Amino acid sequence: MMKKTLLLALGLAAALSGGALANDRYRERPPVIVSPDLAAPWVMQLAGPNARPVVYPRQPAQPRVIYRQREQRAVQRRGIFDQDRAQPVAMRPQPIRSRIEPQFLPQTVAYDTREKPGTIVIDTNNRFLYLVTGDGQARRYGVGVGKPGFEWAGEHRVTRKAEWPNWTPPKEMIAREAAKGHYLPARMDGGPENPLGARAMYLGSTLYRIHGTNAPWTIGSAVSSGCIRMRNEDVVDLYERVNVGTKVIVM
């Protein structure tokens, strides 16, 4: 009996001692160390007190690709035509009207004047030609007038009328255009390509005329060398309404 008791005591002491040793062993186990590289897989370091953190080499950074929407060049709309502001002035397209502005179409308007019916009055500032009809009214047409440096004013009479007139550019105009690199013909027969258009009414002994044009988009502008331009359909209408000797006032 005594021997059994001694054996039990020794067994209990051994068990307690073993548990303490086991606890001490676990207490001495190194802590878990996580790789400082957060992009790498985490690794538990359990290989003893001399363990070092495992550092995985960083992968070279890939260049960032940024996709941007292609920028569209801004186009400045300038009324009658589109114009690219970034384009050099010398390369910009010339002004072109796709259609005549409504105020330049023929129409009957109130017009207070002392001039007799049948008189032509040309308002170059506002680009209008008035044919006085009487009773405080006039038939109004849109016109193109002389460009800067070619303006003029005065009173004349229609001295000649011509249908599909020939064009003989003045020597001064030929020389002036040649200096710009534009070479004009000495004479051009009448027709659709002729810049005098369908009809012409010559004013006194001057070189000026009221005539049609093959460039109707210029009506309402100051673009001529002093002549008064009208649309072909409008100059035909006026031509039928006036006679040689009609008084013309340009102001």
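How many strands does the open sheet have, and in what order do they come? Hi everyone, let's start there. This is a predicted model, and its open sheet has nine strands, in the order 3-6-5-4-13-8-9-10-12. The pairing is mixed. As a quick reminder, strands of a sheet pair through backbone hydrogen bonds, and they can be parallel or antiparallel.

Now, which strands sit at the edges? They are strand 3, residues 107-110, and strand 12, residues 228-229, and each of them pairs on one side only.

Let's look at the strand 3 end. Strand 3 is joined to strand 6, residues 137-142, by four bridges, and the two run antiparallel. If you want to find this pairing on the screen, look for Gln 107, whose bridge partner in strand 6 is Arg 140. Another pair to look for is Thr 108, which stands opposite Arg 139 of strand 6.

On to the pairing of strand 6 with strand 5. Here six bridges join the two strands, again in an antiparallel arrangement. Strands 5 and 6 form a hairpin, with two residues between them. In that turn, Asp 135 has a positive phi of about 60 degrees. And is strand 6 mostly covered or mostly open? Mostly covered: five of its six residues are buried.

What packs on this sheet? Helix 3 does, residues 232-241. It touches strands 4, 5, 6, 8, 9 and 10, and the direction of helix 3 makes about 55 degrees with that of strand 9.

Let's take them in turn. His 211 lies in strand 10. Why do we call His 211 buried? Because its relative accessible area is 4%, and buried means under 20%. Among the residues that His 211 touches are Pro 195, Leu 196, Cys 227, Arg 229 and Val 235.

Cys 227 is in the loop between strand 11, residues 222-224, and strand 12. Cys 227 also counts as buried, at 9% relative accessibility. Its contacts include Gly 144, Val 145, Gly 146 and Tyr 208, along with His 211.

Arg 229 has another link, too. Thr 218, in the loop between strand 10 and strand 11, makes a side-chain polar contact with the side chain of Arg 229, at 3.3 Å. Thr 218 is buried, with a relative accessible area of 10%.

Finally, a stop at Ala 153: is Ala 153 buried or exposed? Exposed, because its relative accessible area is 58% and the cut-off for exposed is over 50%. You'll find Ala 153 in the loop between strand 7, residues 145-146, and strand 8. Ala 153 touches Val 250 and Met 251. Ala 153 and Gly 226 are 73 residues apart in sequence, and 9.8 Å apart in space from C-alpha to C-alpha.

Key:
Residues are numbered from 1 along each chain as its sequence is written. This is a predicted model: local features need pLDDT of at least 70, side-chain atom pairs count only at pLDDT 80 or more; totals for chains, interfaces and linings use all residues. Side-chain values use heavy atoms; hydrogens and water are left out. Two strands pair if DSSP finds at least two bridges between them. Contact means heavy atoms within 4.5 Å. Axes are lines fitted to C-alpha atoms, for helices over the stretch in contact, and angles run from 0 to 180 degrees between N-to-C directions. Buried means under 20% relative accessible area, exposed over 50%, partly exposed in between (1.4 Å probe, protein chains only). A polar contact is a pair of N or O atoms within 3.5 Å; within protein, one must be able to donate a hydrogen and the other to accept it, and residues adjacent in sequence count only if both atoms are side-chain atoms. Lists of a residue's contacts leave out its neighbours within four places in sequence.
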